[in-house]
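Have the coordinates open as you read.

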Amino acid sequence: MDQLDHEIVQDLLPLYHDNVCSERSRAAVEAHLKTCKDCRATLAAMDAPLPEAEKTAADDAAAVEKISEEWKKTKWKARLKGAAIAAAVCAVLAGGIWALTTWTCIPMDGEDYTLDVYRLESGGVGVHWDFREGRETWYALTFREEADGIHYYLERPILRVELFNFDDKYYNRDGDAMFRSWSGDAMETGAIYFGLGEDAVLLWKEGEEVDLPAATAAQEEMWAIAELPPREVPQE
């Protein structure tokens, strides 16, 4: 096979490189490459990446790495933010549950408890209540000043929490004096009740003898054993 001219081989090298030349041309180019250093160098250079391509690839890699770092930071920020939101929601829920089941703010009525009020031989007044079955709950004894006097009453949380039977008793050991110690300056109203509205029971009234049933022997014995001092109730 005749050797091809150097310039002709230079023209054929791109076709040879891309494997799109004829078999005869390929054979001629390969024969020339065996003896031509310059053409071999030109062919090798065709496989080397262009400087611009290298720069673009490097820039692309840097951009991908930067995006990856930003994504990692964003992911951690999202996790921390999510954890903070979750903690806040849990705190709100816990506070709400506590308020609904512990904060005593709903006045209880006669359907919630039974009440015994009686006068002791000492002249004091015994007050005793038990919750009705199924009405057991956290509760608080509080009072408010109404137009007709001071009303002591029971409060419960917004949601009932059934626990166990409470058996609380309050005893007026010294007659009127105990009610005065409970209500303090509010005694200017001159009367004390247990309960609100239709459930209100008059316990004491200035200048009047309140008609109350006499204590039973068991009730007298209970208070004799109790030896409880007058109960102090803070002012609202």
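Predicted model: local features only at pLDDT ≥ 70, side-chain atom pairs only at ≥ 80, totals over all residues.

## How H2 sits

H2 itself runs over residues 23-33, and its buried set is made up of Arg26, Ala28, Val29, His32 and Leu33. Those residues span an arc of only 165° around the axis, so they end up on the same side of H2. As a reminder, an α-helix has 3.6 residues a turn, so residues three or four places apart point the same way.

Now for the cysteines. How many disulfides are there? The count comes to 0. Cys36 is in no disulfide: the nearest cysteine sulfur belongs to Cys39 and is 3.4 Å away, and a disulfide needs the two sulfurs within 2.5 Å.

On the surface, Trp98, Leu100, Trp103, Ile158 and Leu159 make up a nonpolar patch, together showing about 510 Å² of accessible area. One of them, Leu100, belongs to helix H4 (residues 51-102).

| Residue | Relative accessible area | Class |
|---|---|---|
| Cys36 | 10% | buried |
| Leu100 | 34% | partly exposed |

Why does Cys36 count as buried? Its relative accessible area is 10%, and buried means under 20%. Leu100, at 34%, counts as partly exposed.

Conventions:
Residues numbered from 1 in each chain as written. Heavy atoms only, no water. Buried < 20%, exposed > 50% of the residue type's maximum accessible area, 1.4 Å probe, protein only. Patch = residues over 30% accessible without salt bridge, like charges linked within 9 Å, V, L, I, M, F, W, Y side chains within 5 Å. Areas by Shrake-Rupley, 256 points an atom, 1.4 Å probe, with all protein chains shown as cover. Salt bridge = Lys/Arg side-chain N within 4 Å of Asp/Glu carboxyl O. Helix = DSSP H or I, 4+ residues; strand = E, 2+ residues; numbered from the N terminus. Arc of directions from axis to C-beta.
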